[in-house]
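Please walk me through this structure, helix by helix. I would like to know how the pieces meet and which residues do the meeting.

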Amino acid sequence: KEDAKRFFSAFGQNDARALCFTWTLGDREDLTPLRRSAELGFAFAQALMAWKTAGEESFKFAQLAAAQGERDGLLELGRCFRDGEGCEKD
């Protein structure tokens with residue numbers, strides 16, 4: 001686990017995939033690397049952010065991930081519509 005974290009960390013702060021996977025292997029309380037990855041456009045990170053956040057932010061990230069065909073993003077978007085999370089309940 002530590003070797004993988006060091007490997008992904010070597011890619012720096014502008015590699016969306018590396019940031020996301022570093023987050024999954026590390027301290028999941030700090031969403032900073034995951035948020036950066038999602039903002040860089042990595043669909044899987046956007047789906048995870050939809051799951052880890054609430055309200056309009058969750059809905060926004062779910063939409064972004066779903067638009068890229070990310071299956072977890074589609075799941076989160078469905079959850080948002082079902083529960084009225086950041087959108088009108090449907």
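This is a predicted model: local features need pLDDT of at least 70, side-chain atom pairs count only at pLDDT 80 or more; totals for chains, interfaces and linings use all residues.

**How the helices meet**

In α4, Ala-43, Gln-46, Ala-47, Met-49 and Ala-50 meet Glu-57, Ser-58, Phe-61, Ala-62, Leu-64 and Ala-65 of α5. Contact here means heavy atoms within 4.5 Å. Residues are numbered from 1 along each chain as its sequence is written, and side-chain values use heavy atoms, with hydrogens and water left out.

Stay with this pair. The classes are simple: Ala, Val, Leu, Ile, Met, Phe, Trp, Tyr, Cys and Pro are nonpolar; Asp, Glu, Lys and Arg are charged; the others, Gly among them, are polar. The axes of α4 and α5 come within 7 Å and cross at roughly 155 degrees. That angle makes α4 roughly antiparallel to α5. An axis is a line fitted to C-alpha atoms, for helices over the stretch in contact, and angles run from 0 to 180 degrees between N-to-C directions. Angles under 35 degrees count as roughly parallel, over 145 as roughly antiparallel, 65 to 115 as roughly perpendicular, and the rest as oblique. The crossing of α4 and α5 is left-handed. Left-handed means that the near helix is turned anticlockwise from the far one by less than a right angle; clockwise would be right-handed.

Now take α4 with another partner. Helix α2 spans residues 16-25 and helix α4 spans residues 43-52. Their axes come within 9 Å and cross at roughly 45 degrees. Helices α2 and α4 are therefore oblique to each other. Their crossing is left-handed. From α2, the contact uses Cys-20, Phe-21, Trp-23 and Thr-24; from α4, it uses Phe-44, Ala-45, Leu-48 and Lys-52. By class, that gives six nonpolar, one polar and one charged residues.

Helix α2 also meets α1, which covers residues 2-9. The axes of α1 and α2 come within 9 Å, crossing at roughly 155 degrees. So α1 runs roughly antiparallel to α2. This crossing, too, is left-handed. Ala-4, Lys-5, Phe-8 and Ser-9 of α1 touch the α2 side, made up of Ala-18, Phe-21, Thr-22 and Leu-25. The residues here divide into five nonpolar, two polar and one charged.

**Single residues along the way**

Start in α2, where Ala-16 lies. Is Ala-16 buried or exposed? Its relative accessible area is 14%, so Ala-16 is buried. Buried means under 20% relative accessible area, exposed means over 50%, and partly exposed is in between (1.4 Å probe, protein chains only). Leaving aside neighbours within four places in sequence, Ala-16 is in contact with Ser-37, Leu-40 and Phe-42. Ala-16 and Gly-41 are 25 residues apart along the chain, yet their C-alpha atoms are separated by 7.3 Å.

Gly-26 is found in the loop between α2 and α3, the helix of residues 32-39. With a relative accessible area of 25%, Gly-26 is partly exposed. Gly-26 and Glu-2 are 24 residues apart in sequence and 8.7 Å apart in space, C-alpha to C-alpha.

Move on to α5, residues 55-67, which holds Ser-58. Ser-58 counts as buried because its relative accessibility is 0%. Not counting residues up to four places away in sequence, Ser-58 touches Ala-50, Thr-53, Arg-79, Cys-80 and Glu-85. At 42% relative accessibility, Lys-60 counts as partly exposed. Between Lys-60 and Leu-77 there are 8.9 Å in space, C-alpha to C-alpha, and the two are 17 residues apart in sequence.

**The cysteines**

How many disulfides are there? The count comes to zero disulfides, where a disulfide is a pair of cysteine sulfur atoms within 2.5 Å. Cys-20 is in no disulfide: the nearest cysteine sulfur, that of Cys-80, is 18 Å away. Cys-20 counts as buried, at 0% relative accessibility. Cys-87 is in no disulfide either, and its nearest cysteine sulfur, that of Cys-80, is 5.7 Å away.

How values were computed: Helices (H or I, at least four residues) and strands (E, at least two) are DSSP runs, numbered from the N terminus.
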